[in-house]
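This briefing covers the ligand site and the pockets of one structure. The sequence and coordinates come first, then the points by topic.

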Amino acid sequence: MGTWKMGAASGSEERAKEVRALRRGVELGITLIDTAEVYTAGRSEEMVGEAIREIRKDVFIATKVSPGHLHYDDVIKSCRASLKRLGTSYVDLYQVHWPNPRIPIKETMTAMEKLVDEGAIRFVGVSNFSVSETEEAMNSMSRNEVVSNQVEYSLTNRYVEPEILPYCAKEKVTLVAYSPLAEGKIAESLPSAVLRKYHMTPAQVMLNWVTRHEQVVAIPKATGVAHMEENASSVSVRFDPAEYDQVASA
Ligand code: NAP
């Protein structure tokens, strides 16, 4: 579940709706929640913290450190602040939100390893990294691996397919697909035979298509229960390879 632009004011009806949506998602088995220190100036993390308060062990929390905070001390400080907002003692996946060529990745990754050693984070990931940047990050750590690269991937944005996706498949790095519903611009010309055969909506077909590779997980955002329920039942079956091709060329 994505949470970009979520995190309405504490106590508001909108906040309660966001919390209900995430809790419903967890009930339906969507256990990965993605957020970032920068989202809604920290309120997205606070909202996630509220949603998971009684169910921390059932969820996998992924958050991100901003590109301006990639010096050693800043990474440590950002992580502590995220843990506080999330109301938890550990984050499952801590991701470098964007590369920053002005700060040596080795310095950032040294801080990441320190956080793993302390038990503040379980896994290290990156986001918006090219293949060479991912390799450099990987080679900068001695005891841990980069387990994931979060990048934009949807039917309407397939830039990861030539290089990033094959690299992830080869190196067993999880590709976390962001904006898998093209930020709500749902495809309008999907093959009706596929929609009918699988009794799926266009949004469900988009999510099923983007997660057709074993190495890919998607983090769609849904701020209400209805979309959440729709998204939760998008991957229970797999299409035939020829049908995936039809969807891709529609
Ligand atoms: P998205 O998930 O592609 O699309 C979200 C939009 O789709 C919302 O407007 C939502 O509306 C709508 N939607 C959800 N389910 C739907 C359904 N079943 N039918 C029709 N519309 C539906 O866009 P996103 O939020 O950009 O991306 C997902 C997550 O990826 C983010 O929330 C964030 O966690 C992450 N992300 C990361 C980066 C990065 O740099 N690493 C960048 C962008 C995003 P409702 O809210 O009304 O349900």
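The lining of the largest pocket is made up of eleven nonpolar, eleven polar and six charged residues. The model is predicted.

**Largest pocket**
- The volume of the largest pocket is about 580 Å³.
- Its lining has 28 residues, and those nearest the centre are Trp4, Ser179, Pro180, Glu183 and Lys221.
- H9 gives the largest share of this lining, with three residues.

**Ligand shell**

**Polar contacts and burial of the ligand**
- The side chain of Gln150 has an N or O atom 3.1 Å from a nitrogen atom of the ligand.
- A ligand nitrogen atom also lies 2.9 Å from an N or O atom in the side chain of Asn231.
- At Glu183, a polar backbone atom is 2.9 Å from an oxygen atom of the ligand.
- The ligand taken alone exposes 910 Å², and the protein buries 86% of that.

**Second largest pocket**
- The second largest pocket holds about 350 Å³ of space.
- It is lined by 17 residues, with Ile30, Val217, Ala218, Pro220 and Val235 closest to its centre.
- Strand E7 (216–218) and H9 each supply at least two lining residues, and the largest share, three residues, comes from E7.
- By class, this lining has eleven nonpolar residues, five polar and one charged.

How values were computed: Residues numbered from 1 in each chain as written. Predicted model: local features only at pLDDT ≥ 70, side-chain atom pairs only at ≥ 80, totals over all residues. Heavy atoms only, no water. Polar contact = N/O pair within 3.5 Å; in protein donor to acceptor, adjacent residues only side chain to side chain. Areas by Shrake-Rupley, 256 points an atom, 1.4 Å probe, with all protein chains shown as cover. 1 Å grid on protein atoms, 1.4 Å probe; cavity = no way out; pocket = protein on both sides within 12 Å on 5 of 7 lines; lining within 4 Å. Points joined across faces, edges and corners; volume = space filled by probe spheres on them. Helix = DSSP H or I, 4+ residues; strand = E, 2+ residues; numbered from the N terminus. Nonpolar A, V, L, I, M, F, W, Y, C, P; charged D, E, K, R; others polar.
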